Structures are given as C-alpha cells and as structure tokens.
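I opened my notebook for a first look at this structure. Have it in view while you read along.

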Amino acid sequence: MEENIKTTIDTWLNSNIDEADKAALKELIANGNENELVDSFYKDLEFGTGGLRGVMGLGSNRMNKYTVGSATQGLANYINLQFPNEEASVAIAHDSRNNSDFFAQIVADILSANGIKVYLFEELRPTPELSFAIRALNCKSGIVVTASHNPKEYNGYKVYWDDGAQIIAPHDTKIIEEVRKITSFDQINFSANKSLIQSIGKEIDDQYLAEMSKLSLSPEAIKNQSDLSIVFSPIHGTGITLVPRALEQFGFNNVTIIEEQATPDGNFPTVVYPNPEEEEALTLALNKAKQIGADLVLATDPDADRVGIAIKTETGDFELLSGNQTGALLIYYLCLKWKENNKLDGNQYVVKTVVTTELIKDIATHFGVECFDTLTGFKHIAGLIKKLEGQKTFIGGGEESYGYLIGDFVRDKDAIASCVMIAEMTAWAKDNDKSLGDLLEEVYSQFGMYQEDLVSLTKKGKSGAEEIQEMMHQFRTNSPTSLANSEIEWLIDYQNSTSKNLLTGQTEKIDFPASNVLQFITKDGSKISMRPSGTEPKIKFYMSVRSDSDSDRSFEDEKKSLFNKIEKIKEELNLS
C-alpha cells in the first residue's frame, strides 16, 4: 500500500470521527481487504463542479458524514462570504436512496450551525421541485441529496445557486476552493441551530404544480382523450410523490401505477439499475402495459429528473424510445403547437447539448426557432436560459440522456413536467388518429432518419481513471481519418476550444468552456462524440448517423442500414 494512503488512514483513525466509525475502520483494516482500503482512501472524494457523488462507506473517497460535512462546511463558508450582510437561506431536498434523509439532515445541521436559514423538505421530493423551491423561496442556494440513476451503492449531492440551476462559473470553482480549505474534521460545525431549520412540503408542491398547469398546449385533445391509458413507474423513487398528481391535474384519469415499484426504496429491489434508460428497469411496466393494452409507458429515475418512455406499436407490442427520439418528438410537438397557437414571433429558442441529436436543430430551424448547443449537463442549458432571460423566450430543451425541460420556471431537467407533456403529446396524436410511432415516422420523412447509440465503458478505481485518461489521449493524438467509409471532416476538441477541418487544415476557435469532450464529424453527417463521465467511472461514446429524407428505402430498411453503419463505426473504434 502506498505511503500516502496509509497516512490518510492514520489521519482518520486519529481524528475526532465517531467511535463507532473508528471501530468499523479498524475492523476493515483487520480484515486485510487491501483493495477496498485503497479504493476508499487513495484520494479525496472530489467536490466537482456540480457537487459530490460516490460509493457510500468509510473513507476519504466515500460518501459519509465526514466527506459530506467537509463539502457542506466549505459551501457554508462560501455563502457567508458572498452574502455577509444578508440573511442567506438554502433549500434542501433528498431522494429515496439509502442514507439520503440522513445526509440531508447533516447538511441542514451544518448550514444552520453556520447561521444560514434552511428550508428542508419534510419528505423525499423530486430534484426539479428543489430547483423550483430555490426561486420560490428566494434562496441563495439549494442542495438535493441524490446520485440520480447510479447503482444503489452510490449517493451524492448536487449544489444549486440562486437562479435554481446547478452551480456554474464562477461559483463552482470558488466553492471548490473553500471546500479544499477544510483540512480537518475539527473545522466542521455539526452543532445544528434548530431555530433556523424550517420544514416545507405541500405548499411548494401546490405552487410547483400550479406553474406546470400553464404548460398545456392542447387542453381540448386531453379532454377528448382523458381516458388515455398510461402506465407509470417511479422505479422506487421520488416520482411517486408528484407524477400521478400532475397527470390527474392535467386531466388524465386512467393511470396505472406499478405497485411493485411504487414504494420508495434505496435498495431498488425489483431492478438491477434504477435507470429508465435500461429496458430491464421497465420490465414490470412493459408487462403491465401489454396486459391492459395501454397507450403509453412512463418511468422516472430515483430523483425524477429523467424519464424513459415506451409507445405502443401497430402489433400491440411496446417500443422503447431513445432519449434522442423522445427529445425530438417533444421539440417537434412544442414548436408545432406554438405555431398553431400563434405564439411564434421569431424570438423563441430551444437548447440541446453537443452530444444530442442534430434532428432537434433541424426541427427548430424549420419552425423558425433558434437552436443553441451547450456542453453536456443541464447546468449549461440553465446557464443559457439565465443569460437570455428577458431577451428571448425559452420553449424547451433536452439532452440524449432522457432529461428534458419545458418552460423556465424550473432550471434543471424535469421528469414531472416531461411526463405530463409526453402524455399530452400522446393524447394530441391520438386525437388526430396517430400514434407516437406515426408521429416519429412523419418527423423522419420530413427531416431525414437519425439513428443514435451510446457505448458506455466502465473503468473502476484508480487504474480505471488512468485508462480513461489514456484513451482520450490516444483519440486526440491518433484520431482516425475516416469512419464507416466517410472521411472525418471536422475534429472538435472542447478541451482546447478548437474545431479543425482535417481536409483543409483550417482551425476555428469555438466559444465553449473547456471540457474533456472530443467529437468527430464525417462528410456524410455522422457525429461521434466521446467524453469521460463526470459522475461515474465511465467513458461514453455517443454515435449519431443519418440518412436523407428523400431516401427511397422503407423505414425498416433505412433503420437497418443505419444500425449497420453504427456497428461498423464501433468496430473501427474498437468498441464492439
């Protein structure tokens, strides 16, 4: 074991951590599980640009009372530096994960101990409601304890600023500086000031849902299709608190909840991963939908900021849509209805991330709506909304990872609002004698067919992090010249903010913050993006290929051709 790891372990043993935790750490050492000790202590759990996330347990590289405490004390110090003559307040929510309520209380105790007013949700609540609450309560910051759709071993928390969005520059790096100044657990004030902690709940629910009701664009279609059969699963998470109520408020009265997944449970007993991107997580919902002949399946992740959907096909089976497909359909529906309702005046815009399908941009352009790109992460979309506030009107936006936002009263991806708008879109299509599948085919006919895929490689621990770093280095220094028989025209490197034409040698600067993302754009319009995850030990490869709308092949033949093209690209990048 490296000396620095031994030193960190000794520091913990000689610190003022609870006696029970000291005993547990000594037992871990006595058991001789060196790999576990190394991974628990080889580094500090990094307070990144969005907050914390990691495996729960004892150690400097784990989510526990002390790492959460250090991060929160640093945040408290920063808030008090920023607002020295004001009564600063912070809203706190948590999801259904194991220890989420415990960590939320620790955070509340530390903030209150530092003289900061705390609004603490009385029970679990969705992440988007936390974003809403920050602005509704005029808070300076907000925290939601969650690890989103990570496996059950994980927890974390995301930090928000006064605009209801996750922290971005300059606050992110300045908060990190304050967190790094916490070098001893003695610096953490755990002594809560209970008079500064106020419980919140139903009153914020009501305000949030009242704002959501204003989003509806097709009330007549909902009235005509109020018995639309919807199957919903919260996958043991916070979606159960508001999705059924939101659907009922919109006018949908035929919602079937998957009872086996309705109870919040951090062990997620019915799934391998609580991730609506995974078909396995929707197995129970799909089976129920087939059994009752439902029209639509909706499933939200544990903190209810992402939603996965499945639509009924002509054969009565159900097809899962990708995040790109759902996002494109939502943008198409929103733009179409805004146009029909005479709400478009050329001053509207939508936003997507650079790894999300270009189909969204094609749709927006068709309707005369500007489409902006941002880096991956909804904080960048929210940052753009703040920048354009009062100048342009935000219609909606999204990213391929099943996160969407409609309207700007929330400043993070919102699965609650997405659920009701997807249901409304389905009702509108049905009222026009179409399915969502028909609508998707219409979009492809008009704008060209797109096929996307994601390859996510997990590389755990210290060696995994080094392997990911080496992979990115190799792609930067030894990039291919063609993919699937099409020359790579542009190499876009967001780390050094340059876009280089590999055919002409022309180099352009791009106006994005530095980020470890690399992108290949081929002459035939394929887009391949690669980036290490900021929250998981993974490197992700996003592939998007397209064909023109005037293709004379059938949809199935076109889909198969594009699928084969993606498989060829995977093979050439050694990802098969």
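Which residues is Ile395 in contact with, leaving aside its neighbours within four places in sequence? I found Leu334, Trp338, Leu344, Gln348, Tyr349, Val350, Val369, Ile406 and Gly407. Contact here means heavy atoms within 4.5 Å.

A note on what I am looking at: this is a predicted model, where local features need pLDDT of at least 70, side-chain atom pairs count only at pLDDT 80 or more, and totals for chains, interfaces and linings use all residues. Residues are numbered from 1 along each chain as its sequence is written, and side-chain values use heavy atoms, with hydrogens and water left out.

**Entry: Ile395**

I placed Ile395 in strand 14. Strands (E, at least two residues) and helices (H or I, at least four) are DSSP runs, numbered from the N terminus. Ile395 counts as buried because its relative accessibility is 2%; buried means under 20% relative accessible area, with a 1.4 Å probe and protein chains only. I also looked up Asp408: 13 residues separate it from Ile395 in sequence, and the two C-alpha atoms are 8.1 Å apart in space.

**Entry: the cavity**

I then asked how many cavities of 30 Å³ or more there are, and the count is one. A cavity is a set of points on a 1 Å grid over the protein atoms alone, where a 1.4 Å probe fits but cannot get out; lining residues have an atom within 4 Å of a point. Grid points are joined across faces, edges and corners, and the volume is the space filled by probe spheres set on the points. The largest cavity holds about 40 Å³. Helix 12 (323-340), strand 14 (393-399) and strand 15 (403-406) each give two or more residues to its lining. Helix 12 has the largest share, with four residues. Among the lining residues I noted Leu330, Leu334, Gly397 and Tyr404.

Next I traced an open sheet of five strands, in the order 8-7-9-10-11 and with mixed pairing. Two strands pair if DSSP finds at least two bridges between them. Strand 8 (255-257) and strand 11 (318-320) are the edges, each pairing on one side only. Strand 10 (residues 307-312) runs antiparallel to strand 11, joined by three bridges, and I saw Lys312 opposite Phe318 there.

Last, I looked at helix 15 (residues 415-431), which lies across strand 7 (230-233), strand 9 (296-300) and strand 10, at about 175 degrees to strand 9. Such angles run from 0 to 180 degrees between N-to-C directions, with axes fitted to C-alpha atoms, for helices over the stretch in contact.

Definitions and conventions
On a 1 Å grid over the protein atoms alone, a cavity is a set of points where a 1.4 Å probe fits but cannot get out, and a pocket is an open set with protein on both sides within 12 Å along at least five of seven lines; lining residues have an atom within 4 Å of a point. Buried means under 20% relative accessible area, exposed over 50%, partly exposed in between (1.4 Å probe, protein chains only).
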